[in-house]
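Here are my notes on the model you sent over. Have the coordinates open while you read, and tell me where you'd go further.

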Amino acid sequence: MKPITINDIAKLAGVSKSTVSRVLSNPSMVKKTTRDAVMKIVNENSFVPNHLAQGLAGVSTKTIGIIVDELYNSFFIEIVEGVDRILSNFDYSLQLYSSRWIEEKELHHVSSLISKQVDGILLAPINNEGETIDLLKHSNIPFVLVNCIPEDSSLNYVAFNNYRGGELVAEYINSLEKEQVVLITGYSHQTMDNRVEGFYSKVNYSDSVIRYNGIKTFEDGLEISNMLLARNHVGKKKTVLFITNDNVAIGVSHQLSHMGIKIPEQVAIIGFDDIKLASLCKIPLTTVSQSIKDIGKLAALDLLDLINGKAIDPPGHVLEPKLIVRESS
């Protein structure tokens, strides 16, 4: 079958060729209904946007695209810092985007970067398979997945052993004196799901663990502290909190301390990620370190190898966790 062209897409969508180009290169300039119609045809036909710039084939733009889930999350910013430490030595500039956990936005960002003929792409995907990863596989642009273990074992990725991280937290909690254990989680994602699975596999009395889900930000941590006091009586029951995100854990620690709850004597708090603030906040946070900057550095080095035509064997790197015990527990 003859590959679909940009002219074919324009005819099928009932728009001009220039409108299709704008959808693929600068989607924010096109109204949503038109954008959706064009992208539906693009995705159905596996059209690769870099057909728009075939004349530039083989010409380096010295630009790397990076797409992460959240720009307000220190975890992702520290990954980008690790990437920049490597790529800046090779005179690459970075184009940074956030999907904000919206698959359509993630797909548009990747389409835009491909059409701009960036030299490579680093993606922290929302899912470990799907349209965005399929588009990258067809693009002929080097890419590395970050913070995710893909379904396709041939893809290049740098991730973390989140399951083992959850186990380490459970083993530590088993050693603590407590009356109740509360688990607080955020977005449903492969990384978070693996942390929770590892935790439940090792924690004593897993059936009695109290769980709150959908708690995602520092501000959410401030708010749920009132719930912990009112519903779970953490001011009276000796409690251990396992919070799968350091930003949330720091928010909870700040608010409970402000309310007069003694940490760790009354409430012990354990986070996950070991972001910079974890060791610098008022009550330094016990957490699981996953060498965040190393994730970024490894991903950048792998991407450079791919850009230079070098195969990576094995294609994936999985970093091992370390429990960092500090004053919060």
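1. Overall make-up. Of the 329 residues in the protein chain, 54% count as buried (under 20% relative accessible area; exposed is over 50%, partly exposed in between, with a 1.4 Å probe and protein chains only). This is a predicted model, so local features need pLDDT of at least 70 and side-chain atom pairs count only at pLDDT 80 or more, while totals for chains, interfaces and linings use all residues. Residues are numbered from 1 along each chain as its sequence is written, and side-chain values use heavy atoms, with hydrogens and water left out.

2. Fold and extent. I count on twelve helices and twelve strands in the protein chain; these are DSSP runs numbered from the N terminus, with H or I and at least four residues for helices, E and at least two for strands. The C-alpha trace spans about 70 × 40 × 30 Å along its principal axes. If we take contacts (heavy atoms within 4.5 Å) between residues at least 6 apart in sequence, 71% of them join residues at least 24 apart.

3. Surface and charge. The accessible surface of the protein chain is about 14,900 Å², and 49% of that belongs to carbon and sulfur atoms (Shrake-Rupley method, 1.4 Å probe; for residues, only the protein chains shown count as cover). There are 32 positive and 38 negative charges, and their mean positions are 5 Å apart. Lys and Arg are taken as positive and Asp and Glu as negative, leaving out His and the chain ends; each charge is placed at NZ of Lys, CZ of Arg, CG of Asp or CD of Glu.

4. Cores. The largest nonpolar core has 67 residues, and those with the most contacts inside it include Ile184, Phe199, Leu256 and Ile269. A nonpolar core here is a set of buried Ala, Val, Leu, Ile, Met, Phe, Trp, Tyr and Cys residues joined through side-chain atoms within 4.5 Å.

5. Around α10. What does Leu256 contact once its neighbours within four places in sequence are set aside? The partners are Ser225, Leu229, Val234, Leu241, Ile261, Ile263, Val267 and Ile269. Ser253 is in helix α10 and counts as buried, at 6% relative accessibility. Not counting residues up to four places away in sequence, Ser253 touches Ile263, Ile269 and Ile283.

6. Aromatic pairs. A pair of aromatic rings is described by the distance of the centres and the angle of the planes. Rings of Phe, Tyr and Trp (its six-membered ring) pair if their centres lie within 6.5 Å, with planes under 30 degrees apart called stacked, over 60 edge-to-face and the rest tilted. The count comes to six aromatic pairs. Phe160 and Phe272 are edge-to-face, at 6.1 Å centre to centre and 80 degrees between the planes. That pair links distant parts of the chain, with Phe160 in strand β5 and Phe272 in the loop between β9 and α11, 112 residues apart. Both Phe160 and Phe272 are buried.

7. The tilted pair. Phe199 and Phe242 have ring centres 5.1 Å apart and planes at 45 degrees, so they count as tilted. Phe199 sits in helix α8 and Phe242 in strand β8, 43 residues apart, and both are buried. Phe160, Phe199, Tyr200, Phe242 and Phe272 form one aromatic cluster.

8. Backbone spots to check. Most residues other than glycine have a negative phi, and most peptide bonds are trans. The bond from Ile263 to Pro264 is cis, with omega near 10 degrees, and Pro264 is in the loop between α10 and β9. The bond from Asp313 to Pro314 is cis too, with omega near 0 degrees; Pro314 lies in the loop between α12 and β11.

9. Positive phi. Tyr205 has phi near 55 degrees, is found in the loop between α8 and β7, and is exposed, with a relative accessible area of 71%. Ser291 has a positive phi of about 50 degrees; this residue is in the loop between β10 and α12 and is partly exposed at a relative accessible area of 32%.
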